[in-house]
Amino acid sequence: MTILESFKKEIAQATEPMEILGILDGLHCDAKMYCFEHHKEEMIRDKEGNIQDVSINGMCKYLSSEDHRFNR
């Protein structure tokens, strides 16, 4: 199952706006960590080289990856 498939299920089960915002915020943080480990070229950096964000392409790569978050 991909992250996108898991994400769709999580959103479908959410009942409160704050719950959905938490899921979206977590998704963004997880995508940053994923790209930092697997796709450094997708990290957006400032002039000093500090990580600022992850690119849209990086988010797509994360959403397309296999979901191993709960297989521990």
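User: With helices (H or I, at least four residues) and strands (E, at least two) read as DSSP runs numbered from the N terminus, what pattern does the protein follow along the sequence?

Analyst: The order is α-α-β-β-α, made up of three helices and two strands. This is a predicted model, in which local features need pLDDT of at least 70 and side-chain atom pairs pLDDT 80 or more, while totals for chains, interfaces and linings use all residues. Residues are numbered from 1 along each chain as its sequence is written, and side-chain values use heavy atoms, without hydrogens or water.

User: What does the C-alpha trace span, roughly?

Analyst: Along its principal axes the trace covers about 40 × 25 × 20 Å, and 29% of the 72 residues count as buried, meaning under 20% relative accessible area with a 1.4 Å probe and protein chains only (exposed is over 50%, partly exposed in between).

User: Which residues touch the most other members of the largest nonpolar core?

Analyst: That core has 13 residues, and Ile3, Leu27, Ala31, Cys35, Val54, Met59 and Tyr62 are the ones touching the most other members; a core here joins buried Ala, Val, Leu, Ile, Met, Phe, Trp, Tyr and Cys through side-chain atoms within 4.5 Å.

User: And which helices supply it?

Analyst: At least two residues come from each of helix H1 (3-13), helix H2 (17-38) and helix H3 (56-64), with H2 giving the most, namely five.

User: What does cysteine 35 contact beyond its sequence neighbours?

Analyst: Setting aside neighbours within four places in sequence, cysteine 35 is in contact (heavy atoms within 4.5 Å) with Lys40, Glu42, Met43, Val54 and Gly58. Across the protein, 45% of the contacts between residues at least 6 apart in sequence join residues at least 24 apart.

User: Switching to rings: how many aromatic pairs are there?

Analyst: The count comes to one, taking Phe, Tyr and Trp (six-membered) ring centres within 6.5 Å as paired, with planes under 30 degrees stacked, over 60 edge-to-face and the rest tilted. The centres of the tyrosine 34 and tyrosine 62 rings lie 5.4 Å apart with planes at 55°, so this pair is tilted.

User: Where do those two tyrosines lie?

Analyst: Tyrosine 34 is in helix H2 and tyrosine 62 in helix H3, so the pair ties together parts 28 residues apart in sequence. Tyrosine 34 is buried at 18% relative accessible area, and tyrosine 62 is also buried, at 4%.

User: Last one, is serine 55 buried or exposed?

Analyst: Serine 55 counts as buried, at 17% relative accessibility. Its place is in the loop between strand S2 (51-54) and H3, and, leaving aside neighbours within four places in sequence, serine 55 is in contact with Glu42 and Ile44.
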